[in-house]
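Subject: Structure handover

Hello,

Here is the structure I said I would pass on. My notes on what was found in it follow below.

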Protein chains: 2
Amino acid sequence: MAVYTSVPSEMLAGFLARYDVGALVSAKGIAEGVENSNYLVETTGGRFILTLYEKRVTPEDLPYFLGLTAHLSAAGLPVPAPIADRQGRALQRLSGRPACLIEFLPGISVTRPEPGLAHAAGAALAQLHEAAADFPHDRANALSLPGWQSLAEALGGGAAEIDAGLPVLIAEELAALSDLWPRSLPQGTIHADLFPDNVLALDDSVSGIIDFYFACTDFLAYDLAVAHTAWCFDAEGAYLGTDVSDALIAGYQGVRPLSPAESRAFPLLCRGASLRFLLTRAYDWLNTPAGALVTRKDPMAFARRLLHYRAS
Amino acid sequence: MAVYTSVPSEMLAGFLARYDVGALVSAKGIAEGVENSNYLVETTGGRFILTLYEKRVTPEDLPYFLGLTAHLSAAGLPVPAPIADRQGRALQRLSGRPACLIEFLPGISVTRPEPGLAHAAGAALAQLHEAAADFPHDRANALSLPGWQSLAEALGGGAAEIDAGLPVLIAEELAALSDLWPRSLPQGTIHADLFPDNVLALDDSVSGIIDFYFACTDFLAYDLAVAHTAWCFDAEGAYLGTDVSDALIAGYQGVRPLSPAESRAFPLLCRGASLRFLLTRAYDWLNTPAGALVTRKDPMAFARRLLHYRAS
């Protein structure tokens, strides 16, 4: 939650001169996203987000991410389009970093979504899946089963420092998911991180889907499972009840009905999604120095989700 | 350079309902200002800065600061006006902090100002002094001679850790300024922190003067001296030459000519201004933990300025 790379305004004005976006009027570093540096830039031609990619994003993946958002935006989804310069280039370098000027979308991220917005978010996710069907590129999901196994090994004894019961929970769940994880559900391009922070809303409508930097190729229903773990629990991991859950799934199915196999697999996919965030949060928890710029998020909130899905 | 206090969007929407500013459209925490938390807020009625005052600002001083900016804005200066709610209150509480919704001003802060902008900034500072002449409130400058003496004592042996020559430089300068500091120059309300970061510019014109949280009552020419130490040196404290210096002073004198006494005292006032920032930076340097959210600024950049003014 910080701007890591500083861009002096003179450098920014020179950078913007590559584009047909008018002259610089205002620029504010925004404290959003733990992965990148972001500026909210206003020119005489409009408003934009300028993103500088920091070390957690692999530069080789950027053409995929930017190609995907351009594709989805062109298909009419509320996804921020990368802006091309006069030479047609969207991916640039600025202040020593890969950088991209991106469309600004209005809307706010709600902390505690109501069912109406959950319904709209479910529908938007299904529209995203449909619009991405003819996106011609693939990216393996580094955070699926093999990735979870690697992360669990990397945690080592650290998991027990977080919670005495965590090593057993992780080991049991990895064993169960290795046995049961589906092999043949419909695949496609997924967002893979559709938390409420990554949805911009105006009242109950979705005005923006943002932060595609985990997008990859995987089961479509797994994307809905990620959204379910993200939307249907509070920050501590307590289940919010069926209203938001029903609305999210109904919104999705109104656009793209789940197949019987997807519906059957859904609780298991939710366990996998919970484990995915449990593991990455546990890893970050153990590897983020106290007092760092990034706020550590409690891994146990996802252990609680996992236990919820196991019990249901 | 961070948002310290988080405001969930639902809380923000409720807060904005106190005002006649329309509905919330967008809100971004901005990474600006080391003293406060700031959000750039867009509503259906316009754009605003929402400031939450963190612990470095004394709450008792806020009515003075907000009264001053309201006064200057009403006088036609490009100063961000505090916005009053339907009950006429500008100073509020939000998320446990004193808070204020403030007018948004366009413009960018330049890192290396050109003479044209320095001239405009000098003129704007003089206009500020004239417009504040009928502002009826006073606030003592806590960072004048007695404050410098206290800061020097608080540094103790720490100054030598920064630079072996620093304790002698500070002691000599405090002794000299105690003897020579003027007693009877024209006084008034001063900004007291007019660095280029606190000036928003569109080309060579000043579109905003911001960050009045050091404003106080002191010698008007001391304010120009602060601006001189801020504008006429690079980040390491090397003098940029006479172009910017001449432009800044000419811009000021085009609106409010310095008296002969002020002109004579000016080099000494610049030494005082250099010492003021040298001492606060040295104090912050020694008292900011490594890895803190705030970037420490090198105190020696102001020791170099001090030596420049002594030699000239």
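E173(A) and R271(A) form a salt bridge, with their closest N and O atoms 2.6 Å apart. The pair ties together parts that are 98 residues apart in sequence, because E173(A) lies in helix α6 of chain A and R271(A) in helix α9 (residues 260-287) of chain A. Please keep in mind that this is a predicted model.

Both partners fall under the 20% limit for buried residues. E173(A) has a relative accessible area of 0%, and R271(A) has 15% relative accessibility. The bridge is also part of a network of salt bridges that links E172(A), E173(A), R271(A) and R310(A).

Side chains of opposite charge can pair when their charged atoms come close. Over all chains, the count comes to 18 salt bridges. Two from chain B are worth a look.

In chain B, a salt bridge joins the side chains of E173(B) and R310(B), at 2.9 Å from N to O. This pair links distant parts of the chain, 137 residues apart: E173(B) is in helix α6 (residues 166-180) of chain B, and R310(B) is in helix α10 (residues 300-311) of chain B. E173(B) is buried, at a relative accessible area of 0%, whereas R310(B) is partly exposed, at 31%.

The other chain B example is the salt bridge between the side chains of R89(B) and D85(B), at 2.8 Å from N to O. Here R89(B) counts as partly exposed at 40% relative accessibility, while D85(B) counts as buried at 5%.

Back in chain A, helix α6 also takes part in a helix packing. How do α4(A) and α6(A) run relative to each other, roughly parallel or roughly antiparallel? Helix α4 (residues 145-155) of chain A packs against helix α6 (residues 166-180) of chain A at an angle of about 160°, and their axes are 11 Å apart. Angles over 145 degrees count as roughly antiparallel, so α4(A) and α6(A) are roughly antiparallel to each other. Their crossing is left-handed.

Which residues meet in this packing? From α4(A) they are L145(A), W148(A), Q149(A), A152(A) and L155(A), and from α6(A) they are I170(A), L174(A), L177(A) and S178(A). The residues of this contact divide into seven nonpolar, two polar and no charged.

Regards

Note on methods
Residues are numbered from 1 along each chain as its sequence is written. Chains are lettered from A and ligands numbered from 1 in the order in which they are written. This is a predicted model: local features need pLDDT of at least 70, side-chain atom pairs count only at pLDDT 80 or more; totals for chains, interfaces and linings use all residues. Side-chain values use heavy atoms; hydrogens and water are left out. Axes are lines fitted to C-alpha atoms, for helices over the stretch in contact, and angles run from 0 to 180 degrees between N-to-C directions. Helices (H or I, at least four residues) and strands (E, at least two) are DSSP runs, numbered from the N terminus. Angles under 35 degrees count as roughly parallel, over 145 as roughly antiparallel, 65 to 115 as roughly perpendicular and the rest as oblique. A crossing is left-handed if the near helix is turned anticlockwise from the far one by less than a right angle, and right-handed if clockwise. Contact means heavy atoms within 4.5 Å. Ala, Val, Leu, Ile, Met, Phe, Trp, Tyr, Cys and Pro count as nonpolar, Asp, Glu, Lys and Arg as charged, and the others, Gly among them, as polar. A salt bridge is a side-chain nitrogen of Lys or Arg within 4 Å of a carboxyl oxygen of Asp or Glu. Buried means under 20% relative accessible area, exposed over 50%, partly exposed in between (1.4 Å probe, protein chains only).
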